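Here is a short tour for anyone about to work with this model. Take a look at the structure first, and then read on.

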Amino acid sequence: MRAGLIAGANVLSFSPLYFRREWGIGYEQVAPTHLDQIPEIVTNHSWRGFNITTPYKETILKLIHQIRHPVDKIQATNTVVVETDGAWTAYNTDYEAARELLPQYAEVHGMWEELWVLGTGGAARAVAWAHAELFPEKPIRFFSRQPSKGLPFPHPHEVLGYEAAQDFAPTRRKLIIQATPLGAYPNPQAMPPLSLEAIQPQDVVWDLIYIINPTRFLQVAREKGCAIESGMRLFRLQAQKSLDYWFSVHKRYQRALAGKP
Ligand SMILES: NC(=O)c1ccc[n+]([C@@H]2O[C@H](COP(=O)([O-])OP(=O)(O)OC[C@H]3O[C@@H](n4cnc5c(N)ncnc54)[C@H](OP(=O)(O)O)[C@@H]3O)[C@@H](O)[C@H]2O)c1
């Protein structure tokens, strides 16, 4: 079975190595120069499906025929399945994986009172949507370089500039999800522009970056006494879920080829 990753030219992903070594499938990373090239890439590589990341997580939706919850809510996908009739179905397995992990983290570290999400991209919204469904009463605050821009996220939330972090009482325990690329390669020393004074020892800090573990941000949080989680478990779980979708359609292809209903 073949699948792949559509990503920008400068995206460093562990997925090709992981899918090939761990699961033994054909998996290639391809960097189109334009969105319009993607259908040809998928056909030429005979992919049953593909992962999709920066900068195409949102724009790919123009090419999608059917979407699965909550792609409609957050307007971002990371997994596409090529159905037996050729239609493309978009899933968000980052969201599905986060729905499993968040209750585990709450159990292990104790529940928090509010959620802070650094960044407003596809991964930020996917994980925050899982949180909104699981804990609808907990306030959600996104931090952004451009807080005034609209966000596809139809659950009550705030979008704030990073400087606003100092306005919040340090007594409320929070889960901070680091969902920017800052701290990954090529600059592992980078950190999100959140004032470190805003991070309190009782907080739980989850950095979605998995390619460096722990990131500098997580090291600082750990030194402050916070409970920390890296992005590795999310990475493995979302990959497993993508694979399950592709294999399920692959089996349907094989049954059709064998003339079975
Ligand atoms: N563990 C996993 O399985 C997993 C899954 C998905 C993603 N991730 C990781 O999560 C991170 C985000 O992924 P994504 O797909 O959502 O990426 P993205 O869309 O490229 O970026 C996410 C957001 O980060 C903020 N940002 C980007 N560059 C910044 C900068 N120089 N300074 C401050 N903020 C910046 C932006 O928010 P504003 O414009 O609002 O500031 C942007 O929307 C990446 O590191 C990715 O590797 C991990």
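This is a predicted model: local features need pLDDT of at least 70, side-chain atom pairs count only at pLDDT 80 or more; totals for chains, interfaces and linings use all residues.

The protein chain splits into domain 1 (2-91 + 235-257) and domain 2 (95-230), and the ligand lies between them because both domains give residues to the shell around it.

**Domains**
- The centres of domain 1 and domain 2, taken over C-alpha atoms, are 26 Å apart.
- Domain 1 brings 14 residues to the contact, and domain 2 brings 15 residues.
- On the side of domain 1 that touches domain 2, α3 (71-74) and α7 each supply at least two residues, and α7 gives the most, with 4 residues.
- That side of domain 1 consists of 7 nonpolar, 3 polar and 4 charged residues.

**Ligand shell**
- Of the 26 residues around the ligand, the nearest are G119, G121, A123, S144 and G231.
- Helices α5 and α7 (232-257) each supply at least two residues of this shell.
- By class, the shell holds 12 nonpolar, 11 polar and 3 charged residues.

**Helices α4 and α5**
- The axes of α4 (residues 93-109) and α5 (residues 122-134) come within 8 Å and cross at roughly 50°, so the two helices are oblique to each other.
- Their crossing is right-handed.
- Contact residues of α4 include Y95, R99 and L102, while those of α5 include A123, W129 and L134.
- This contact of α4 with α5 has 10 nonpolar, 1 polar and 3 charged residues.

Key: Residues are numbered from 1 along each chain as its sequence is written. Axes are lines fitted to C-alpha atoms, for helices over the stretch in contact, and angles run from 0 to 180 degrees between N-to-C directions. Angles under 35 degrees count as roughly parallel, over 145 as roughly antiparallel, 65 to 115 as roughly perpendicular and the rest as oblique. A crossing is left-handed if the near helix is turned anticlockwise from the far one by less than a right angle, and right-handed if clockwise. Two residues are in contact if their C-beta atoms, placed from the backbone, lie within 7 Å. Ala, Val, Leu, Ile, Met, Phe, Trp, Tyr, Cys and Pro count as nonpolar, Asp, Glu, Lys and Arg as charged, and the others, Gly among them, as polar. A residue is near a molecule or strand if its C-beta atom, placed from the backbone, lies within 6 Å of it. Domain bounds come from an automatic or database domain assignment.
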